[in-house]
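Have the structure open and follow along.

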Amino acid sequence: MKLLVSVVDAAEARLAAAGGVDVVDVKNPAEGSLGAPAPGVIAAVRDVLPAGLPLSAALGDLPSLPGTAALAAFGAARSGATYVKLGLWGPSSAEEAVGVLRAARAAVDGDARVVGVAYADAARVPSRPLPPSQLVAAAREAGVDGCLLDTAVKDGRGLLEWLAPEALRAFVAGAHDAGLEVALAGELRAEDLEVVRATGADIAGVRSAACRDGRRTAAIDPERIARLRELCAAKAPRAA
């Protein structure tokens, strides 16, 4: 399982790369769970990363507006993103989500991998975003590359408080059957990574766990990242 760490600027990206992260993700937390950074920030992050290190860019907690999604995806891809992540905040049905994801896919035209994002705690969001149970079907129909489960509200209640390991394993298996890459995130801690790895997910995404003292507003800590990557890469022990 690969490790993705979210950063807010080029300085943090350098620290994440120094820690050996597998994917650098750039976002603007001031604008929400998947707050979108400015194109210049994405470009600046890309410039400081090794050429082969993938860069993910959040496109925002998006409304059900395919044109908005297309423009955001196009801008992020042109700024150097390898992955573009669309938070399906406005779409409340699979049909609406498919329209948003298809528009983004067409806009990037193969220049970036498109990832649809649903929220494990969608039921507590007033706009009632796309339920996690509908994400795989929507992503498959839209022909995008991957899907991510995250949390919408960052209040200390992480992914594993909303979905049990059994439910996550079933989600990952269904996504893999559909040919999708799968990432899991949502205030994951170091001690959660063994459980997340056991689901079969391809990528685990973190922010707080990679920061000094485990606070998402603190500085990125390369030593913590190195340890998290070890936990992601570890193999489960064989049964006796």
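This is a predicted model: local features need pLDDT of at least 70, side-chain atom pairs count only at pLDDT 80 or more; totals for chains, interfaces and linings use all residues.

Helices (H or I, at least four residues) and strands (E, at least two) are DSSP runs here, numbered from the N terminus. On that scheme, Ser56 sits in strand β3 (residues 55–62). Residues are numbered from 1 along each chain as its sequence is written, and side-chain values use heavy atoms, with hydrogens and water left out.

Now for helix α1 (residues 10–18). Its buried residues are Ala10, Glu12, Ala13 and Ala16; buried means under 20% relative accessible area, exposed over 50%, and partly exposed in between (1.4 Å probe, protein chains only). Looking down the axis of α1, these buried residues fall within an arc of 155°, so they line one face of the helix. That arc is taken from the directions from the helix axis to the C-beta atoms. On the face turned away from the buried side, you'll find the exposed residues Arg14 and Ala18.

What covers the buried residues of α1? The cover includes β1 (2–7), β2 (23–26), α2 (39–48) and α8 (222–233), with contact meaning heavy atoms within 4.5 Å. After α1 comes Gly20, with a positive phi near 90°.

Back to Ser56, which is buried, with a relative accessible area of 1%. Leaving aside neighbours within four places in sequence, Ser56 is in contact with Leu4, Val23, Val24, Asp25, Val26, Tyr83 and Lys85.
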